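Here are a few friendly notes to read beside the structure.

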Amino acid sequence: MAAFAGGDDIGAVVAEIGHYSTKIGWAGDDAPRSYFPSNVAVLRQGDKSRRIQGVCHDFYTHPIQRKTFDDGNWETCNPIDPTSGLMYDPDSTQGADGFDLLRDFLHHGYSTALQQAKIEEHPFLMIERSYNTPAIRQQTLECLMEEMNVPAAFIAKDAVLMCYGCGRTTATVIDIGHSGTTVTPVFEGFAETKGIRRSPTGVHAMDRLILERLDALYKTKQPAAHDGIRPLYQVRPVQQYVDPEGQSLPRPQRRPSIHFAARMELARECREFGAGAAVNITDTAFHAPSKSFTLPDGTVLDVPSVDRFAAADLMLGYSPATVELREMHLEDCRSNLKKIIEKSQYDDNDDDEEEKSEKDDKFSEEAAVGLSKRRSKQPATQKQKQLSSRLFSNRQLNRACTKHLQTLLDDQLTASPLASMVCDAAYRCDREQQAALLGNVVLGGGGSCLGPTEQAVPDYLRDQIESLIHAHTPGWRVRLLTPSLSERAILSWLGGSILGSLGNFHEMWISKQEYEEWGSAIVNRKCP
Amino acid sequence: MTDVAEILGVKSAPKPVGSNKSLLPKPYSELTGSATELPTTVPTFIKIGNKQINSHKPARKWTWAPFSSSSRPDGLLLNHWVRANVEYPDYPYARFDIHLDPVQYTIEEYKAWLTSENWSQSETDTLMDYARIFELRWPVIHDRWCAACPPRPVEDLKHRFYTVAAKLLQRRVSHEAAVETKALEAAATNNAEDPKLLLETAAARSLASSDPQHQPLMQHLGTGTSNKVFDLAYEKERRAHWEALWNRTKEEEAEELALRNELKQVETQLRKLKKRGAHVVAASGTTASRAATPIPAPEVAMQQVDQAMTTTAPTPVPGVPYLQSARLVLPATGGETGISKALVARMEALLAGMNVPSTVIATKRACDLMDTVRRDALTWLLLQKQVIQKEGVLRARRLKLAKMGGNIRVVDEETLLGIAPPPAPRPKPVTKGPAATAAAAAPGKAKASASKTATGSKLAGKKPAATASSSSTTAASAGAPTATTTSSADTKTKKPAVKRKRKSEDAPPAFPNTAPSSDEAAFSISTKPKKKAKPSTTKETSSVSKSAAPKAPLAAAPAPATMTQKETSPKKD
């Protein structure tokens with residue numbers, strides 16, 4: 001990577017916080033140095049603020065330390081809201097978890113994998129969703145600049161970086177992520193917002209489907225079990241739970257969210273290593289052999305091929321059953337979004353006028369479209385800034401996001417299969433771009449790493465897309481670009497790594513000075 | 001080496017000077033012992049890429065040093081690895097920082113020149129901002145525009161931007177020129193004699209006063225815009241066409257496809273016709289334009305034919321023998337007396353179409369017949385051309401008449417054409433023969449009559465469609481006895497019909513044949529040898545030849561002496 005023509009390493013850090021995993025590493029590297037799950041166990045304060053008190057990063061494998069915290073009060077937390085897929089916390093009564101966790105994640109990543117590098121010394125390239133709202137980007141920049149104190153920052157869209165990762169500047173980008181699937185047309189390095197299509201069916205939905213199937217299979221083996229497969233912590237020998245005095249303690253009860261997360265982890269293992277979800281490329285689903293998967297308690301399940309193919313079909317398939325499932329996920333997502341929007345409208349009435357005017361200044365329409373020409377009247381003192389940042393109201397943010405969430409709800413959410421989403425995204429763009437957009441389709445995201453072969457998903461998708469567009473434009477060719485299986489899940493990070501090490505990118509960083517001069521709205525202007 | 005030297009009895013070679021032992025410093029080798037007497041394994045040269053790096057030299061020093069780029073206005077200090085003690089005047093990548101010149105204007109300029117009914121100033125400002133940020137990537141600008149402002153079509157955005165850029169450019173140029181004029185005029189009053197100053201003044205004045213549209217084309221640096229205004233109407237129309245094309249239904253597409261196929265077929269048909277020389281017939285409608293050239297009278301055409309035929313035919317001179325086959329030469333083309341090459345080609349095509357052989361065995365009868373047929377065909381073609389020309393004239397005049405307002409249809413065609421009614425019996429051509437007369441009288445029948453003559457009139461009773469097939473069967477059946485006359489080696493004709501027949505018959509070329517002949521030649525004269533052979537033994541008593549025999553008057557003619565081979569052919573059988 002470092003051998004790129006025009007590359008100049010300035011020790012920039014590239015970070016992406018996804019719904020499933022967080023990737024942090026040096027720009028110019030082949031892979032992120034630090035790769036850990038975004039789903040963490042947190043312990044909240046007992047008071048009304050419920051601020052996060054402690055974070056445990058690898059609670060799947062390691063038991064949560066009992067010495068310091070009460071085991072039973074831990075719960076899962078994710079910086080990314082699964083409904084919108086954004087770093088966003090719909091519950092406006094609390095502080096924004098997303099930004100608290102962002103801080104924690106960066107510290108965790110820097111301290112574990114980046115040779116204890118100091119955040120204040122390295123330019124920071126943050127990767128965001130292509131449909132991110134301007135207010136959240138502003139808030140992210142504010143968080144980076146004022147709390148992390150980075151010298152320079154840039155916020156890039158993941159779809160654009162995926163394009164760069166595949167060596168293109170114009171393409172339709174498919175991102176099969178954990179919280180959902182997104183298709184974004186990218187034209188010469190800019191994501192086209194009107195073409196973005198989003199489906200709430202992602203790897204998470206796949207895992208839930210697999211979990212259901214595993215539970216059903218488990219029940220045939222162990223008719224007495226009523227709560228489905230049991231995760232690792234439940235089958236650990238009891239002796240392990242011993243207090244410092246040597247007295248054995250009763251098996252702790254975990255919160256349901258922790259229990260569910262642990263079960264989902266099992267489903268993920270089954271999908272990735274055990275029985276492997278796969279695309280059915282042979283048309284002989286019923287003749288394909290079943291694969292066995294061993295649960296933590298020693299039970300061996302024979303996962304039939306139909307179940308394995310069903311998971312992949314959830315995303316790609318046209319069969320009535322899968323369509324129904326997707327519709328169900330869509331309805332869930334819609335109702336959640338509606339709730340969020342209603343809530344922020346309710347908040348709107350709740351606020352007093354003074355706060356509103358302040359908000360209008362910060363997250364104004366002008367600022368959102370990158371046209372704000374306001375310079376801050378006088379640079380605030382460091383103390384004032386920290387105060388304002390710490391006490392920023394989640395309500396403000398939520399209100400500013402309402403319009404964009406409404407667009408997401410009305411316009412971008414869909415339950416159609418992936419191939420249709422790609423065509424739809426391209427057809428929403430200008431006629432002159434469509435041939436180029438469909439000619440280059442970039443596939444990335446962890447959900448695209450399905451078997452049985454490396455080229456199974458891309459080939460399957462290309463056939464489907466071609467059959468769709470050839471009904472209308474018979475001459476057009478579709479080319480699916482995707483890296484090898486090992487790089488597909490980190491494709492956007494790779495693109496960020498390339499971008500962050502380019503010599504002529506360094507004039508694009510938002511410096512601390514620029515931020516102080518222009519305010520957080522500069523992010524919408526400099527990183528469009 | 002030393003062993004070989006010993007065997008050969010040669011004195012052993014002296015030890016090489018640069019041996020390992022002598023290279024190593026002595027105390028070192030003593031210290032380390034014999035095992036380490038080998039040279040060090042660290043290579044002195046390391047190759048990286050194409051570069052050889054001397055590992056003995058100390059490595060170059062690099063430092064992690066701060067730098068600032070001239071392309072950043074804020075002087076941000078970032079760190080990177082650079083060679084120590086090397087001064088860089090600027091960040092090397094700063095030169096890649098190329099941006100469009102922003103289109104900027106003051107409020108006064110906007111009010112003076114750029115106001116528009118459809119655009120407010122804030123909207124224009126936004127557009128200019130987006131154009132700069134996205135560097136004229138119009139799809140992206142349009143996308144962001146629709147998110148921020150009331151939607152407009154992308155053509156409107158483009159039109160506004162280019163108009164503003166062009167207007168600003170023009171006005172600024174003329175403004176500058178006006179200022180310059182004033183300055184120069186002031187200077188000119190001081191020293192009025194300087195002709196160069198006067199010239200410059202005049203030029204500046206003309207530039208200042210000229211209409212913006214007539215100013216020289218100037219490229220606005222960076223934007224690629226000129227004072228040529230974006231063609232909004234054209235672009236909108238283009239977009240509309242595109243949309244229409246995109247929104248076609250399946251039926252419309254199928255219809256278009258069908259029409260395209262039809263067009264293709266018609267075109268291939270036309271091409272075929274043209275190849276065969278019949279395009280004149282097919283495209284008779286286009287001859288109206290030829291009406292301007294004078295159309296020769298039919299008599300002239302016939303004279304032309306006669307002349308052409310006589311130029312090539314040998315004139316018999318008493319006492320000098322000549323070959324009958326010389327009469328078979330094609331009529332002369334070009335020159336004053338000749339006819340056009342195309343006409344000859346069409347004649348050949350016509351004859352070929354009726355299966356008339358291009359070469360015959362040069363008996364007097366056959367040559368006479370050939371001559372007649374050719375004359376007839378030429379005459380017919382000429383007459384046909386004339387008819388078409390006349391019809392074109394007629395149509396043109398009718399059209400003219402209709403244009404002039406008279407839809408009078410009573411006018412006689414002849415008076416319109418300005419020709420006298422043709423004489424009832426047309427003058428006979430010089431050729432003697434009923435077929436020629438018929439051809440001259442009625443061009444439509446010419447084909448039938450020609451084919452009649454071609455088949456030797458023995459099949460006169462049959463329909464033309466049957467003629468071709470029966471003639472081929474005749475040829476096939478006649479193939480065996482007349483194989484001698486056909487030399488498969490040196491046939492000059494390349495007609496497909498011939499080739500087809502040639503495959504069917506594989507009789508050996510028994511005699512070296514000097515006269516060029518073909519199967520068809522064999523066919524047309526086949527009756528003759530057959531007649532002679534008939535009383536002998538052949539089983540060639542096919543129904544065709546039988547029925548043809550009594551009807552064929554030509555068969556009775558005696559074979560000329562020139563064709564000596566013919567007598568031999570039945571013998572071979």
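1. In which helix of chain B does B:Thr372 lie? B:Thr372 sits in helix α14 of chain B, residues 364-404; helices here are DSSP runs of H or I with at least four residues, strands are E runs of at least two, and both are numbered from the N terminus.

2. A word on the ground rules: this is a predicted model, in which local features need pLDDT of at least 70 and side-chain atom pairs count only at pLDDT 80 or more, while totals for chains, interfaces and linings use all residues. Residues are numbered from 1 along each chain as its sequence is written, chains are lettered from A and ligands numbered from 1 in the order in which they are written, and side-chain values use heavy atoms, with hydrogens and water left out.

3. Back to B:Thr372, which is buried at a relative accessible area of 17% (buried is under 20%, exposed over 50%, partly exposed in between, with a 1.4 Å probe and protein chains only). A polar atom of the B:Thr372 side chain lies 2.7 Å from the backbone oxygen of B:Asp368.

4. Chain B as a whole has 23 helices and 4 strands. Of its 573 residues, 34% count as buried. Among contacts in chain B (heavy atoms within 4.5 Å) with a separation of 6 or more, 60% join residues 24 or more positions apart.

5. An unreviewed UniProt entry lists residues 249-276 of chain B as "coiled-coil region"; such annotations may be inferred rather than shown by experiment. In the model this span is 93% helix and 0% strand, with its end C-alpha atoms 41 Å apart.

6. Turning to the interface, chain A gives 45 residues to the contact and chain B gives 36 residues. The area buried between the two chains is about 3,400 Å², with 53% from carbon and sulfur atoms; buried area is the accessible area (1.4 Å probe) lost on putting two parts together, summed over both.

7. The rule finds 7 salt bridges across the interface of chain A and chain B (a side-chain nitrogen of Lys or Arg within 4 Å of a carboxyl oxygen of Asp or Glu). B:Arg239 and A:Glu432 form a salt bridge, their closest N and O atoms being 3.7 Å apart. The elements giving two or more residues to the side of chain A that touches chain B include β8 (152-157), α14 (431-439) and α18 (512-518) of chain A. The largest share of that side, 4 residues, comes from α14(A).

Note on methods. A polar contact is a pair of N or O atoms within 3.5 Å; within protein, one must be able to donate a hydrogen and the other to accept it, and residues adjacent in sequence count only if both atoms are side-chain atoms.
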